[in-house]
Amino acid sequence: MASYISGSLQSIKACDLIFDATSRGKQFLIVGTKNKAVDSVVRAEIRARCHYVYKKWLGGMLTNWDLRMEQKTRRLNCLPKRDATMLKRQLSRLQTYLGEIKYMAGVPDIVIIVDQQEEYTTLRECLTLGIPTIYLIDTNCDPDFTDISIPANDDAIASIRLILNKFVFAICEGRSSYIRNFLLIIR
């Protein structure tokens, strides 16, 4: 009973954080590459209109964000040909997995991750960049690494779907609050 209450308080805290961040125009990234989480992550992304990763997380997806910016501003053409070719090859390999997040304008403000054990590389990158994280953690995970940890069975599709639905609702409510406030400022 005590763990259920603790989990409920953590999920309320996470939903409040999500609502507040979204109502201020912050961007989210939902990460779930585990086979059982893929369907729920894609559904959450569609409903919340967030960026997401459901394929393999490549090391450097967030920390090497400046490489894509250099390509867009054509700074790679100023490099020696060998270096530019090597970086372009690395970028083309990343594009296979960056398809879901290629329209992200920058590094996300908050990252929601379904399984800590599966997404350890994501955790390290978020810690390096100082990005707040919300994790669904199971009994085999360490809650000290995350900003907000939600105790959940990360192997159960129903558990993942339930918590992601709460987060999607908070994102949608926060986004509508952001739009209302924006419209008030314009008038």
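Some ground rules. This is a predicted model, in which local features need pLDDT of at least 70 and side-chain atom pairs count only at pLDDT 80 or more, while totals for chains, interfaces and linings use all residues. Residues are numbered from 1 along each chain as its sequence is written, and side-chain values use heavy atoms, with hydrogens and water left out.

Start with Asn153. Find the loop between strand 5 (148-151) and helix 6 (157-186); Asn153 is there. Helices (H or I, at least four residues) and strands (E, at least two) are DSSP runs, numbered from the N terminus. Asn153 touches Asp138, Ser159 and Ile160, leaving out residues up to four places away in sequence. Contact here means heavy atoms within 4.5 Å. Now look at Asp138. Asp138 and Asn153 are 15 residues apart in sequence, yet 5.4 Å apart in space, C-alpha to C-alpha.

Next, the inside. In soluble globular proteins, nonpolar side chains tend to be buried together. A nonpolar core is a set of buried Ala, Val, Leu, Ile, Met, Phe, Trp, Tyr and Cys residues joined through side-chain atoms within 4.5 Å. Buried means under 20% relative accessible area, exposed over 50%, partly exposed in between (1.4 Å probe, protein chains only). Which residues have the most contacts inside the largest core? They are Ile18, Phe28, Ile30, Ile112, Ile134, Leu164 and Phe167, in a core of 27 residues. Helix 6 gives this core its largest share, 7 residues. Apart from it lies another core, of 17 residues, including Trp57 and Cys141.

Last, Ile18. Beyond its neighbours within four places in sequence, Ile18 contacts Phe28, Ile112, Ile134, Phe167, Ala170 and Ile171.
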